[in-house]
Amino acid sequence: MKTTKKEQENKIKSRSKKADDKQKLILEILKTHGAKIYDDLENGKFPKFSIPSRSVSNIVYDKQLRQYILGNNSALRSSRNSAQLRSFTQLMWLAFFANRLTTERKSSTLRDIYYSSQAFAVEFEDQSESDNIIVDLEAVTSRPREDFHIFPEERSSIFGDLNIEYTIPGYEGKTMNLANHPDGYSIGPSLTTAELVSTSAEIVIAIEKGGLFTRFVEEQVDKKFKSIIINTGGQAPRSTRTLLKRLHDEMKLPVICLTDGDVYGEHIAMVIKSGSANAAHLRDLTVPDAKWVGVWATDIEKYKLPTIPMTESDIKRCYDLQKDPRYQDGIWKKELDVFLKLKRKAELEAFSKYGLTNITDKYLPQKLELAKSL
Amino acid sequence: MSSIKEKFNQISPSEFFYSNRDLAGFSNPTRSLYTAVREFVENALDACDQKGILPDVYLTIKAVDPDKPDPKPYILTVKDNGPGIDAEHIPLAFGTVLYGSKFGLKQARGMFGLGATMAILYGQITTNKPVTVKSSSDAKIQNQFEILLDIQKNKPVIVKHTTKEVSKTGLTVSICLEGDYSKAGNKIRDYVYETSLITPYASITFDDPKDQKFSHPRFVKEIPPPPTIIRPHPHGIDVERIRRMIVESQFEIPTIDDAMIEKIRKDLGLSVKNFSFTSIMDKAKKKWKTLPRQVRVVISLMSFLKMDFEKLNKIRIEDIDMPNKKLSYWDFGDSQSKSVDMDPESEYYKQLTNTVQGEPLTTFLTKRFQRIGPTTAVKFAEFAKFKPEKRMGTLTNQELVNLSDALQKFEDFMAPDSSCLAPLGAEPLEKGIKKFFNPDFVAVVQRPASAYSGFPFIIEMGIAYGGDIKSGGPHVYRYANRIPLLYDEGSDVVLKVVNDTDWGRYKIKGEPPFIIVSHICSTRIPYKTAGKENVADRQEIERELRLALQFLSRKLSSFMSKRGQAEMAKKRANLYAKYIPMIAEFCTELSGKKKEPNYKKMLETEIASENKKAKEEENQIENN
Ligand SMILES: Nc1ncnc2c1ncn2[C@@H]1O[C@H](COP(=O)(O)OP(=O)(O)O)[C@@H](O)[C@H]1O
Ligand SMILES: [Mg+2]
């Protein structure tokens with residue numbers, strides 16, 4: 001189907017309007033907070049605000065949302081309290097700085113933030129202190145740091161037939177097909193903020209390891225199974241989780257996860273599905289419909305996979321997760337119990353015992369089939 | 001009964017102390033130089049104290065040959081503006097051991113008439129030079145002596161004696177002695193410095209071998225009230241001391257010579273013509289109460305002998321046998337022993353009883369001890385299982401020991417009289433600490449008088465924090481009877497008490513800059529050694545030290561928390577001043593405003609109020 005030039009232009013306009021709207025919204029949130037502080041000072045009062053408490057006792061599991069959220073407890077931060085004054089100022093600076101980043105559409109890393117502060121005589125003891133203040137900003141605004149153009153250093157990557165259109169300054173309107181480069185595209189600020197235009201894929205496969213990602217590209221899993229392949233690089237970074245959510249919500253694509261056959265793998269899938277307690281203050285980072293298809297503990301027997309014994313910490317992690325409300329039923333509980341019974345684990349590479357393409361030729365199709373019934 | 005004098009003659013005290021000089025602090029050239037300085041400076045201060053004179057003390061130490069390496073001979077001179085000593089007493093005071101004027105029971109630095117002589121002795125032994133003493137006690141004539149000590153005989157040998165006209169009283173003593181100033185210098189300077197802290201009413205100047213002058217002018221103009229001499233407390237007494245007191249209380253049978261006869265005639269107011277036996281006895285009866293004891297004894301003897309002086313001159317009293325009421329004498333004329341009976345009912349009999357057998361126990365107690373009344377004396381006699389009228393002169397050795405034990409054990413005696421003590425006083429002590437350390441906090445306390453083994457004592461203590469005090473405290477300044485104690489710290493009771501304290505409990509942490517000044521005043525400081533450097537741990541003293549230190553530590557602790565609050569208020573003010581403007585700057589841009597919010601007034605008010613809080617806490621600290 002051909003689109004007229006006019007239609008094309010309108011589409012671009014509406015897309016960039018979407019980005020503009022988001023920017024406006026973020027700036028508006030920051031402005032509201034800033035104005036409250038300003039008014040307090042103007043009225044001769046020590047400014048204060050409240051912030052949801054992130055203490056363990058205030059992190060609860062929401063069954064409906066199927067993720068961890070913060071409870072109703074909140075803490076008051078007052079600039080009159082000399083013990084809080086410093087962190088109060090740090091947070092004000094961060095909001096001020098995020099405002100500039102968002103206005104100018106510039107991105108920065110967590111580490112950048114730590115160093116940038118020094119130009120404004122706002123001291124952070126170390127990066128972990130500035131990281132903490134960033135989480136404070138997220139909690140106060142209920143917005144992930146990426147919305148303020150603050151990104152972590154870790155990168156994961158994506159490959160497959162997906163057309164995107166950049167919104168970052170200098171690239172506005174430019175489009176890209178993510179199947180053009182066989183090493184994949186790294187999921188950074190430009191990709192996270194890009195518009196998702198179109199795709200022929202019917203599924204998203206999130207895979208834990210870079211090695212398997214390369215194998216999947218080589219074996220043309222994208223074409224054979226009409227899929228977009230994402231390398232999570234271990235625990236998926238937030239920007240990757242946001243992208244997964246958008247692929248699911250905006251492009252209506254199901255998401256499946258393929259991890260190592262151990263308790264950590266199982267939990268990587270769980271975090272994609274329902275988030276982590278660390279990000280209980282944020283929404284929109286989860287894909288509740290995401291499915292974990294393997295490698296399951298039961299696969300170890302079934303596929304006669306070579307195994308290695310679990311370590312002490314693997315076993316301890318199993319017991320920890322048994323207490324997690326999300327592991328109380330379904331395959332989550334079943335597989336965890338089997339891991340504990342076997343006390344052994346198998347990596348994705350274990351399939352290579354039966355030939356390098358065994359995983360893509362045999363295992364993957366069976367699992368994709370199975371996923372439909374999960 | 002062997003007398004005290006006899007005992008001394010058996011072995012020369014000089015000899016004794018020569019062989020025991022280590023005990024007195026003359027063990028080596030370093031220590032000896034330091035001890036000699038102390039002895040002379042302390043004598044000068046004692047002399048001024050006793051006469052209520054504000055002391056000016058000049059100490060000089062000069063090497064005889066500055067180019068020689070240490071140890072080497074030094075000339076040590078101490079000059080004072082005190083009362084001086086009469087010419088006739090100078091050789092004795094400085095040339096014999098155990099001659100002194102401070103035996104009476106009251107607080108003084110010197111104690112046994114020992115210090116100066118030991119220093120002189122040491123100088124003489126090491127350099128073979130005499131001591132030079134210049135003294136004027138009348139502000140007209142100054143006597144100058146050069147004296148050597150005869151160690152065998154405990155006798156001074158005057159090498160030279162000259163006089164000179166002067167206009168002020170005072171004494172200068174100068175000796176030549178082997179010393180090591182390079183090693184002793186620090187201690188001597190510390191000694192002078194610390195002495196001036198506990199003697200704020202004295203001016204002390206020190207001119208050292210390197211011609212450095214250390215001058216400590218007085219900063220208090222009043223001398224603390226002088227102590228009074230008092231009688232001993234029964235708890236502080238031993239058998240030997242009782243024996244001595246009995247000897248003192250007994251009156252020897254007077255020798256009846258011409259001088260005595262003349263005295264009796266005058267006391268009775270009789271003319272030479274009318275000096276017969278009957279007129280003597282008549283007159284004596286009338287005047288009995290006013291007659292001196294000697295006279296009464298002689299007349300009592302006459303009354304039994306029924307002799308006048310002519311006859312009396314021809315006999316010698318042999319024995320006064322009170323139990324058998326017989327008076328026996330040797331008659332030179334007949335060359336034989338004779339005796340007469342004494343009538344126990346007569347006044348004269350009683351008089352002789354007192355003389356020969358000593359006082360009754362109760363009289364002895366009330367007259368010769370402090371704070372014992374007749375009732376207590378009788379109660380004590382009952383407790384000790386003695387008859388109240390038991391004559392002191394008739395006590396056997398065993399009875400003496402029993403009496404001494406009972407005196408220790410009887411608990412109903414009043415606490416020792418402390419008027420014999422001369423504490424410095426809380427006010428001058430505080431003034432001294434402030435001047436010396438310029439501290440942020442100081443507190444002093446003078447405990448009420450207490451006693452150990454019958455010796456009264458008073459603890460004075462001060463504590464100071466911050467200012468010029470260096471960190472790593474507590475630094476402890478120990479004093480006893482206004483003498484700084486600088487050696488042998490390890491085993492001292494004051495340090496024991498300080499070390500037992502858990503300073504964390506008083507909010508004093510880390511390497512705090514604080515000092516403790518402790519002053520023990522007593523008629524007898526329980527020194528561990530004759531070198532007078534560390535005090536033994538007597539339970540009663542330790543207790544008082546603890547109470548004093550606890551009291552002061554609590555004060556320091558409340559200062560520390562107030563200071564903490566003051567610091568917090570200041571810190572808050574600083575934090576506001578730093579951060580609020582930043583918040584204002586950030587929120588202005590954030591909220592899209594052009595002008596910064598008007599927060600200055602609020603900030604100023606808040607900072608002012610925090611600073612005021614800090615000031616108030618600080619003032620409160622100062623007022624305490
Ligand atoms: N500077 C002085 N001024 C007046 N009298 C002094 C002075 N130095 C010593 N004396 C007298 O000499 C005596 C002996 O002194 P010392 O041998 O040091 O004994 P102590 O000080 O123990 O009495 C003292 O008791 C005192 O009477
Ligand atoms: Mg002396």
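In chain A of this predicted model, 73% of the contacts between residues at least 6 apart in sequence join residues that are at least 24 apart. The secondary structure of chain A comprises 13 helices and 17 strands, and 53% of its 374 residues count as buried.

The largest nonpolar core contains 68 residues, and those with the most contacts inside it are A:Ile158, A:Leu162, A:Phe216, A:Ile228 and A:Leu247. When neighbours within four places in sequence are set aside, A:Ile158 is in contact with A:Leu178, A:Gly184, A:Tyr185, A:Ile187, A:Leu191, A:Phe213, A:Ile228, A:Ile229, A:Ile230, A:Leu243 and A:Leu247. Apart from this core lies another, of 46 residues, which includes B:Val41, B:Leu59, B:Ala63 and B:Val78. In soluble globular proteins, nonpolar side chains tend to be buried together.

In chain B, the axes of helix α3 (residues 29–51) and helix α5 (residues 115–127) come within 9 Å of each other and cross at roughly 140°. Since angles over 145 degrees would count as roughly antiparallel, α3(B) and α5(B) are therefore classed as oblique to each other, and their crossing is left-handed. On the side of α3(B), the contact is made by B:Pro29, B:Ser32, B:Ala36, B:Glu39, B:Phe40 and B:Asn43, whereas α5(B) contributes B:Gly115, B:Ala116, B:Ala119, B:Ile120 and B:Tyr122. By class, the residues of this contact are 7 nonpolar, 3 polar and 1 charged.

In chain A, the peptide bond joining A:Gly294 and A:Val295 is cis, with omega about 0°, and A:Val295 lies in the loop between β15 (291–294) and α10 (297–302). In chain B, a cis peptide bond leads from B:Gly473 to B:Pro474, with omega near 5°; B:Pro474 is placed in the loop between β14 (455–465) and β15 (475–480) of that chain.

Positive phi values occur at two residues of chain B that are not glycines, namely B:Lys325, with phi of about 55°, and B:Asn481, with phi of about 45°. B:Lys325 is located in the loop between β9 (315–321) and β10 (326–331), and its relative accessibility of 31% means that it counts as partly exposed. B:Asn481, by contrast, is found in the loop between β15 and β16 (483–484) of chain B, where its relative accessible area of 3% makes it buried, the cut-off for that class being under 20%.

Methods. Residues numbered from 1 in each chain as written. Chains lettered and ligands numbered in written order. Predicted model: local features only at pLDDT ≥ 70, side-chain atom pairs only at ≥ 80, totals over all residues. Heavy atoms only, no water. Axes fitted to C-alpha atoms, helices over the stretch in contact; angles between N-to-C directions. Helix = DSSP H or I, 4+ residues; strand = E, 2+ residues; numbered from the N terminus. Parallel < 35°, antiparallel > 145°, perpendicular 65-115°, else oblique. Left-handed = near helix turned anticlockwise from the far one by under 90°. Contact = heavy atoms within 4.5 Å. Nonpolar A, V, L, I, M, F, W, Y, C, P; charged D, E, K, R; others polar. Core = buried A, V, L, I, M, F, W, Y, C linked by side-chain atoms within 4.5 Å. Buried < 20%, exposed > 50% of the residue type's maximum accessible area, 1.4 Å probe, protein only.
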